[in-house]
Amino acid sequence: MTEHKHQHNQKDPACLEVFAKLSEYLDGELDRLECDHIEEHIADCPPCVEFLRGLKRCVETSREFEGQGNCPKMPPEMEEKLREAWQNALKRRENAH
Ligand SMILES: [Zn+2]
């Protein structure tokens, strides 16, 4: 594997775990405990929040420039769940302070 210096922040094993489970999470396939685990992680992890924000921006951009974006497309249903999850995470983050 080639190492690049300009890596994204998502190198944290905990973050990778979250990303690996994100689609299952968004599909509602994880149990309550794993959902909590993911939400708590995101709420306390700026790179993950940034990731979700970026993902959301990608969705919006690819909608405007249909077929031209480098971002993966996401069904509206999934986007809505993502937004919901993200806002929940932010809410928990606010409550924690
Ligand atoms: Zn993270």
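This text walks through a predicted model of a protein chain, from its overall layout to single residues. Residues are numbered from 1 along each chain as its sequence is written. Because the model is predicted, local features need pLDDT of at least 70 and side-chain atom pairs count only at pLDDT 80 or more, while totals for chains, interfaces and linings use all residues.

The secondary structure of the protein chain consists of four helices and zero strands. Helices (H or I, at least four residues) and strands (E, at least two) are DSSP runs, numbered from the N terminus. Read from the N terminus on, the order of elements is α-α-α-α.

Confidence comes next. It is given as pLDDT, the predictor's confidence in each residue, from 0 to 100. The protein chain has an average pLDDT of 74, and 73% of the residues score at least 70. Confidence is highest in α2, at 88, and lowest in α4, at a mean of 75. Over residues 2-10, pLDDT stays under 50. For residues 2-10 the model has six contacts beyond four places in sequence. Two residues are in contact if their C-beta atoms, placed from the backbone, lie within 7 Å. Of the contacts in the protein chain with a separation of 6 or more, 57% are between residues 24 or more positions apart.

How much of the protein chain is buried? Of its 97 residues, 11% are buried. A residue is buried if 20 or more other C-beta atoms lie within 10 Å of its own, exposed if 12 or fewer, and partly exposed in between, with C-beta atoms placed from the backbone.

The largest nonpolar core has 10 residues in all: Val18, Leu22, Tyr25, Ile38, Ile42, Cys48, Phe51, Leu52, Trp86 and Ala89. At least two residues of this core come from each of α1 (13-26), α2 (32-43), α3 (46-64) and α4 (76-96). A nonpolar core is a set of buried Ala, Val, Leu, Ile, Met, Phe, Trp, Tyr and Cys residues joined through C-beta atoms within 7 Å.

Helix α1 can be followed along its length. α1 has 14 residues and reaches 20 Å from its first C-alpha to its last, close to the 20 Å expected at 1.5 Å a residue. The expected span of a helix is 1.5 Å times one less than its number of residues. A kink of about 35° in α1 is centred on Ala20. The bend at a residue is the angle between axes fitted to the seven residues ending there and the seven starting there. Val18, Leu22 and Tyr25 are the buried residues of α1. Leu26 also lies in α1, but Leu26 counts as partly exposed because it has 19 C-beta neighbours inside 10 Å. Beyond four places in sequence, Leu26 is in contact with Met78, Lys81, Leu82 and Ala85. Its C-alpha atom is separated by 9.4 Å from that of Glu77, 51 residues apart along the chain. After α1 comes Gly28, whose phi is positive, near 70°.

Leaving aside neighbours within four places in sequence, Ala89 is in contact with Glu39, Ile42, Ala43 and Val49. The C-alpha atoms of Ala89 and Val49 are separated by 8.4 Å. Gln87 lies in helix α4 too, but Gln87 is exposed because 11 other C-beta atoms are within 10 Å. The C-alpha atoms of Gln87 and Glu39 are separated by 9.8 Å.

Helix α3 holds Val59. Val59 counts as buried because it has 20 C-beta neighbours inside 10 Å. The C-alpha atoms of Val59 and Glu79, 20 residues apart along the chain, are separated by 7.6 Å.
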